Amino acid sequence: MIDDAHNVNDVGRRAMLQTAGAAVVTGLVGTAIDARAATQNVDGMSTAERNEAPLGARLQGVQHFGLTVQNMERAYQFYTEVLGGTEVFRHGDFQGDGVQNTLLADQEIEANARGVNPRTIGVPDLRSAAQRLDVRFIQFDNMVLELLQYREADQPMGSAKSFAEPLEHMSPAFPRMMHICFYVRDDVDFNKFIADLEAESARRGMTQVRANRTIRVMTEADRKAAPRSANTNRVTAEPSNGWELIYCKGPEGEQLEFVKALGPVKQRFSEALAKREQKIVR
């Protein structure tokens with residue numbers, strides 16, 4: 001989330017290249033170095049060491065967040081045309097035993113334990129190809145978002161009809177609820193950003209895209225009538241001093257957050273990342 005964050009892999013890569021350069025100068029380049037390069041990752045840990053290391057040392061970070069949608073084209077339009085993401089690729093028509101087992105085995109076990117048809121608890125039948133799964137990956141600057149849609153086999157890819165009905169009343173207070181947080185640039189007028197987001201979404205018929213306000217409102221009319229200054233919650237209490245944020249529902253009813261990290265809280269994230277980089281390089 002931090003503007004001046006360095007990629008951990010880049011730090012390790014520089015260290016490895018510096019070591020290799022020193023070896024060239026001293027005439028030590030040879031079979032031993034070639035073998036070492038073939039078995040080491042960028043932070044200097046061998047493959048054998050990596051596989052015995054703590055689990056955290058075997059990760060590269062978060063690759064993507066997944067969002068199951070009701071209307072694939074609507075969600076795709078929002079995350080690419082409204083928020084500016086770039087499609088990486090799309091793949092679809094997933095079906096068969098392997099896909100069913102990989103994605104849904106735990107849910108089938110749960111249905112069996114309850115003595116009910118898996119479909120009654122929202123489990124599609126990819127095994128027989130009665131339903132299908134489509135995915136699209138969208139790249140942002142520091143995050144990938146995967147859109148997923150489970151649909152009936154007779155529905156086309158990108159359909160507005162999903163296999164299961166969407167969950168309603170998706171309060172962020174429910175355990176297991178998650179949200180996607182987008183990082184707003186430091187010099188952006190946050191209040192105007194939220195107003196423009198709502199206006200652009202409404203222009204496209206995405207009426208679910210509604211941001212909360214910092215003042216109490218009891219009706220949709222009250223929310224719309226709130227002053228623009230009520231769009232942004234600015235946190236001044238330590239240790240969160242410097243956060244600016246708002247919660248907002250996306251076009252599928254999903255929970256979104258938009259934030260800026262300024263001043264002290266930005267510094268805290270920068271320091272934490274620096275410590276992590278030092279720990280990993282060691």
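Predicted model: local features only at pLDDT ≥ 70, side-chain atom pairs only at ≥ 80, totals over all residues.
1. The open sheet. Four strands make up an open sheet, and reading across it the order is β1-β4-β3-β2, with mixed pairing. The strands β1 (64-68) and β2 are at the edges and have a single partner strand each, so one side of each is left without a neighbour in the sheet. On average, neighbouring strands of this sheet are turned by 20° against each other when direction is ignored. For a student new to the term, strands of a sheet pair through backbone hydrogen bonds, and they may do so in a parallel or an antiparallel way.

2. The strands β2 and β3 run antiparallel and are joined by 6 bridges.

3. Helix α4 and its two ends. This helix covers residues 72-82, and its buried residues are M72, A75, Y76, F78, Y79, T80 and V82. At the start of α4, the backbone nitrogen of E73 has a side-chain oxygen of N71 within 3.3 Å. Just after α4 comes G84, which takes a positive phi of about 85°.

4. In soluble globular proteins, nonpolar side chains tend to be buried together. Here the largest nonpolar core has 27 residues, and the ones with the most contacts inside it are F78, Y79, L83, L147, F182 and F258. At least two residues of this core come from each of α4, β4, β5, α6, β8 and β9 (255-261), and α4 gives the most, with 6 residues. Apart from this core lies another one, of 11 residues, which has L104, L126, V135 and F163 among them.

5. F258 as a meeting point. Which residues does F258 touch, not counting those up to four places away in sequence? They are L83, F182, V184, F190, F193, I194, L197, E244, L245, I246 and C248. F258 is also one of the residues with the most contacts inside the largest nonpolar core.

6. The aromatic rings. The structure holds 8 aromatic pairs. In one of them, the rings of F190 and F193 have centres 6.4 Å apart and planes at 65°, so this pair is edge-to-face. Both residues lie in helix α6, where they are 3 residues apart, or about one turn of the helix. An α-helix has 3.6 residues a turn, so residues three or four places apart point the same way. F190 counts as buried because its relative accessibility is 1%, whereas F193 is partly exposed because its relative accessible area is 25%. Ring pairs also link F78, Y79, F140, F182, F190, F193 and F258 into a cluster.

7. E198 is placed in helix α6 (residues 190-203). Is E198 buried or exposed? With a relative accessible area of 14%, E198 is buried, because buried means under 20%. Its side chain makes a polar contact of 3.0 Å with the side chain of R213 and another polar contact, of 2.7 Å, with the side chain of R223. Leaving aside neighbours within four places in sequence, the residues in contact with E198 are V209, R210, A211, R213 and R223.

8. Most residues other than glycine have a negative phi, and most peptide bonds are trans. D93, in strand β2 (residues 86-94), has a positive phi near 65° although it is a residue other than glycine, and D93 is partly exposed, with a relative accessible area of 29%. R176, in the loop between β4 (144-152) and β5 (180-183), likewise has a positive phi, near 85°, and R176 counts as exposed at 84% relative accessibility. The peptide bond from E238 to P239 is cis, with omega near 5°, and P239 is placed in the loop between β7 (233-234) and β8 (243-249).

9. A loop position. G122 lies in the loop between α5 (97-114) and β3 (131-139), and at 38% relative accessibility G122 counts as partly exposed. Although G122 and Q107 are 15 residues apart in sequence, their C-alpha atoms are 8.8 Å apart in space.

Note on methods. Residues numbered from 1 in each chain as written. Heavy atoms only, no water. Buried < 20%, exposed > 50% of the residue type's maximum accessible area, 1.4 Å probe, protein only. Polar contact = N/O pair within 3.5 Å; in protein donor to acceptor, adjacent residues only side chain to side chain. Contact = heavy atoms within 4.5 Å. Core = buried A, V, L, I, M, F, W, Y, C linked by side-chain atoms within 4.5 Å. Pairing = 2+ DSSP bridges. Axes fitted to C-alpha atoms, helices over the stretch in contact; angles between N-to-C directions. Phe/Tyr/Trp six-rings, centres within 6.5 Å; stacked < 30°, edge-to-face > 60°.
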